[in-house]
Amino acid sequence: MTPTPAPVPGEAPVPARERAARLLLAAFALASAVDLIALLAGTDAVHTAAKPLLMPLLAAYVAVRGGPRLLTAALLLGWGGDVLLLFDADIAFLAGMGCFAAGHVCYLVLFKRAGTPRARGALLAAAYGIALVTTVALLWPDLPADMRGPVAGYSLLLTAMAYGSSRLGATAGRGGALFLLSDTLIATGVADWPQLPRPDFWVMLTYLAAQYLLARGALGHPLDARATPVAAYREKRTTTT
């Protein structure tokens with residue numbers, strides 16, 4: 001019988017949950033890279049295959065890390081919106097917007113657990129308020145009539161989420177701001193404004209960065225007892241002589 005190799009002195013074994021978390025995060029990064037490259041190359045079939053994998057992988061990573069259920073729910077609702085927006089139909093667009101809106105509600109409830117807003121909260125709220133009013137006012141004349149109400153209501157909820165994300169610190173705050181930017185790029189497309197080259201690439205790039213930063217910020221914040229950092233797993237291992 002081959003003897004079991006002895007552990008390397010000074011090197012702690014990696015817990016199974018931490019290994020799983022690393023693999024899931026690597027899979028999310030790989031799927032994101034594939035999707036973004038497909039958008040740059042104009043390969044719609046690869047984008048259609050890769051996009052539905054993104055949020056489930058990030059949600060699974062959050063679940064393995066012991067993140068809050070509301071965070072997992074927000075990411076899975078984002079997955080629903082991602083899939084629906086693959087269909088080129090107004091009803092699918094509105095349904096996808098509804099999924100993202102429900103995800104923003106999950107985020108807002110999650111942010112409430114973080115306590116009071118950070119310093120300079122009033123200044124940040126004013127900045128987001130000005131951005132909301134300005135963006136809706138500029139987009140309004142160019143939006144289809146049946147889209148004006150839904151877009152305005154969704155923009156209000158999205159802006160509230162972006163502002164609330166600052167409760168979790170700078171990382172999540174950047175995620176909220178990028179989410180606002182990503183959806184604003186979508187709205188300019190609906191309004192038929194001039195677009196950047198490969199507009200879908202920029203929408204997905206800012207969206208993926210936003211969801212990752214929101215997840216990272218929530219996992220690193222003591223929201224509740226269920227948000228256990230992966231590093232804590234090492235403290236629970238036992239040693240034998």
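Trainee: Which residue takes a positive phi just after helix 7?

Mentor: Just after helix 7, Asp192 takes a positive phi of about 60°, although Asp192 is not a glycine. Asp192 lies in the loop between helix 7 and helix 8, and because its relative accessibility is 67%, Asp192 counts as exposed (buried means under 20% relative accessible area, exposed over 50% and partly exposed in between, with a 1.4 Å probe and protein chains only). Before going on, note that this is a predicted model, in which local features need pLDDT of at least 70, side-chain atom pairs count only at pLDDT 80 or more, and totals for chains, interfaces and linings use all residues. Residues are numbered from 1 along each chain as its sequence is written, and side-chain values use heavy atoms, with hydrogens and water left out.

Trainee: And what is phi of Arg198 near?

Mentor: Phi of Arg198 is near 55°, a positive value in a residue other than glycine. Arg198 is placed in the loop between helix 7 and helix 8, and with a relative accessibility of 44% it counts as partly exposed.

Trainee: Stepping back, how many helices and strands does the chain have?

Mentor: The chain has nine helices and zero strands, where helices (H or I, at least four residues) and strands (E, at least two) are DSSP runs numbered from the N terminus. Of its 241 residues, 41% count as buried. Among the contacts in the chain with a separation of 6 or more, 75% come from residues 24 or more positions apart, a contact being heavy atoms within 4.5 Å.

Trainee: How do helix 2 and helix 8 cross?

Mentor: The axes of helix 2 (residues 44–64) and helix 8 (residues 199–219) come within 10 Å and cross at roughly 10°. Axes are lines fitted to C-alpha atoms, for helices over the stretch in contact, and the angles run from 0 to 180 degrees between N-to-C directions. That makes helix 2 roughly parallel to helix 8 (angles under 35 degrees count as roughly parallel, over 145 as roughly antiparallel, 65 to 115 as roughly perpendicular and the rest as oblique). The residues making the contact include Met55 and Leu58 of helix 2 together with Gln211 and Tyr212 of helix 8.

Trainee: Is Gln211 buried or exposed?

Mentor: Gln211 counts as buried, because its relative accessibility is 1%. A polar contact of 2.7 Å joins the side chains of Gln211 and Tyr107; such a contact is a pair of N or O atoms within 3.5 Å, where within protein one must be able to donate a hydrogen and the other to accept it, and residues adjacent in sequence count only if both atoms are side-chain atoms. Leaving aside neighbours within four places in sequence, Gln211 is in contact with Met55, Leu58, Leu75, Gly78, Tyr107 and Phe179.

Trainee: Back to helix 7, which of its residues are buried?

Mentor: The buried residues of helix 7 include Gly173, Phe179, Leu180 and Asp183, and what covers the buried residues of this helix includes helix 4, helix 5, helix 6 and helix 8.

Trainee: Last one, how far apart are Gly80 and Phe100?

Mentor: Gly80 and Phe100 are 20 residues apart in sequence and 7.9 Å apart in space, C-alpha to C-alpha. Gly80 lies in helix 3 (residues 69–84) and is buried, with a relative accessible area of 14%.
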